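Please look over the structure shown below, and then follow the paragraphs after it from the overall picture to single residues.

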Amino acid sequence: MAPPCPRPGRPHRPRRPFRTPPAPAPAAGTDAGKVRSVLLEVVADKTGYPADMLDLTMNVEADLGIDSIKRVEIMGVIQERFHTTTTAGPEQLAELRTLGDIVDFVAGGAASSAPAAAPATGPDAGTVRSVLLEVVADKTGYPADMLDLTMNVEADLGIDSIKRVEIMGVIQERFHTTTTAGPEQLAELRTLGDIVDFVAGTTAQATAPAATGPDADTVRTTLLEVVADKTGYPADMLDLTMNVEADLGIDSIKRVEIMGVIQERFHTTTTAGPEQLAELRTLGDIVDFVAGAGVPRAAGREAASAGAPEDHPPEPESDRPARIGRAQAALVELPASDPLLDAYHPDHGALVVDDGSQLAARLVERLTGTGRRVHTLRLPGVPARSNDVHDHALTGWGTTELAAQTEEIFADRIALVVDVTAQPRAEWAEGTRRLAHSLLLARHVVAPLSAAAEHGRAAFLTATVLDGAFGLTGVAEELAPAGGVAGLVKTLALEAPALFCRAVDLDPALDAATGAALLLDEAADSAPEPVQVGLDGTRRVGLTLAERPLTEELPEVGAPTSDDLLVVTGEARGITATCLLELAERHRPGLLLLGRTRSTRSPTGRTAFPTPG
């Protein structure tokens, strides 16, 4: 979630943490006071809080709303400022709970990582130049002979920050270096020549023999445990032949997270670059890599096959690349919820976002009937409907008023927030505005709810009324934006694991009283998962992936002709350029290229095809 913005009016000082774990004494060599000053400056820049409001006892998540992604950004800037290569893995980073913990880590880590000798000379600049041009040509689609070192990577070549990281990853892999450029330093590498100078001047090729890795059985056990944690699959269902993407749905980002945890557990600094990581296709490949093979099974098989005799036995079926599947979202039936009698602390209240629907009204009635303190936050234009609640009305959709109202509400002890999106919207724009408001609400309540979670269950629930099946059976177009609410809740569940998060979609055929009762059962459910639940009054469903072969016959689509105009986005580079050139040669359609980068030159590699006749 995005961090909270400073609120207008009286200065708001974030709460101090409930408890602060003791921090290790900083190692000698780096002045902790200097680290403190830089850290407060960076945190102020990243969060919007004035530096003079910050102190070292503040919890980075509960008090400052700094999520895991922003924490990595802050650590990257700090490491660059102090010229340290010491990094914290995902689990270690999660242990740095306060600003003081970060100061102690950096002050100790920077000292311990100080080099004892002058850095070794890097690779030859000519070699770096050749490799860089080859990689850039591959990533952008420009022929290598069109590139020169004076080109600006963004203005001339359209290389954004993400592609820049990919290119640097491949370069570091080719030259076997662990030296990295932090976010600010990477932004300073504006031309291809800058990149060559950086790599050639700061990198040393690794010459020492690879150390023996940890025991493969230990790696296997740890890997299955980590994958089970990251995917939700029980460890006893996993085996080493499973394809991490096709079988387990592990994308490139989650693969990096898993490798980070594994490397931290085994205290290894050996990393896999982007291309090498993509070669680790199965769990077994990852075990081999970490245990000391250093190359994926696929690469090892290719090398072995080069000198293998003709009668070499075929590789096992399980080691072959998995076929490409075709999967779609599908419903899976879930057991009934198991509500706890005392799920919430009796002294904690509830907040209901009232959208004017009957569902919101019945929900408020049921909550007040339990004797619990209830606050309502009425959306713009919704009239007051109850005298038994603490009523708060919004006059507009802006974030400033929402921030002030939520601050006032959470001055009371609130442990349950229910955001109701049940009132039909006549226009698509109204639906998207309501979805954006739900996002802003989550942003403002995540920190105080996380603080409440230290004393018992604290929950964020949403209620939509699509079809009781997340819209899979088909809904009117203007209702579609409400489908995004579940995505918001699933993201919140990942970023704020201390919270009980649930997105509930109700069938429109349910009456409001029944819907309210089902919502409260979900809020009190003993199981924290699944995060997304659909209810139609007779069954309870979740979402899964299921194989859906393409069976229906699709209409024939004719080949493009010179009368057709193809609109091409992304500036027609890379594989897009290759496809377009082939299309142009075969069919000669018109091409309209759309891109964000201002064109300052016309690369000679682009070919103009004359109009026939």
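**From the whole chain to its details**

The protein chain exposes about 32200 Å², and carbon and sulfur atoms supply 54% of that area. This is a predicted model, and the values that follow are computed from it. Of the 613 residues of the protein chain, 41% count as buried, while its secondary structure comes to 19 helices and 11 strands. Among contacts between residues at least 6 apart in sequence, 74% join residues at least 24 apart.

Nine strands form an open sheet with mixed pairing, and their order is 1-9-8-7-6-5-2-3-4. Strand 1 (327-334) and strand 4 (390-393) are the edge strands, each of which pairs on one side only. From one strand to the next, the twist averages 25°.

Strand 8 and strand 9 form a hairpin that has four residues between them, and Gly 537 in the turn has a positive phi of about 95°. Further along the sheet, strand 6 (residues 459-464) and strand 7 (residues 500-506) run parallel and are joined by six bridges; Phe 460 stands opposite Cys 501 in strand 7.

Helices lie across these strands. Helix 18 (residues 512-523) lies across strand 5, strand 6, strand 7, strand 8 (532-535) and strand 9 (540-547), and runs at about 155° to strand 7. Helix 15 lies across strand 2 (349-354), strand 3 (374-378), strand 4 and strand 5 (414-421), running at about 170° to strand 4. Thr 406 is found in helix 15 (residues 399-409), and, leaving aside residues up to four places away in sequence, Thr 406 touches Leu 441, His 444 and Val 445. Because its relative accessible area is 2%, Thr 406 counts as buried.

The next topic is charge. Side chains of opposite charge can pair when their charged atoms come close. A search of the whole structure finds 13 salt bridges. In one of them, Arg 413 pairs with Asp 347, the closest N and O atoms being 2.4 Å apart. This pair links distant parts of the chain, for Arg 413 is in the loop between helix 15 and strand 5 and Asp 347 is in the loop between strand 1 and strand 2, 66 residues apart.

Asp 354 forms a salt bridge with Arg 385, with the closest N and O atoms 2.5 Å apart; Asp 354 is in strand 2, and Arg 385 is in the loop between strand 3 and strand 4. Asp 354 counts as buried because its relative accessibility is 5%, whereas Arg 385, with a relative accessible area of 35%, is partly exposed.

Leu 592 lies in strand 11, and Leu 592 counts as partly exposed because its relative accessibility is 38%.

Definitions and conventions. Residues numbered from 1 in each chain as written. Predicted model: local features only at pLDDT ≥ 70, side-chain atom pairs only at ≥ 80, totals over all residues. Heavy atoms only, no water. Helix = DSSP H or I, 4+ residues; strand = E, 2+ residues; numbered from the N terminus. Buried < 20%, exposed > 50% of the residue type's maximum accessible area, 1.4 Å probe, protein only. Contact = heavy atoms within 4.5 Å. Pairing = 2+ DSSP bridges. Axes fitted to C-alpha atoms, helices over the stretch in contact; angles between N-to-C directions. Areas by Shrake-Rupley, 256 points an atom, 1.4 Å probe, with all protein chains shown as cover. Salt bridge = Lys/Arg side-chain N within 4 Å of Asp/Glu carboxyl O.
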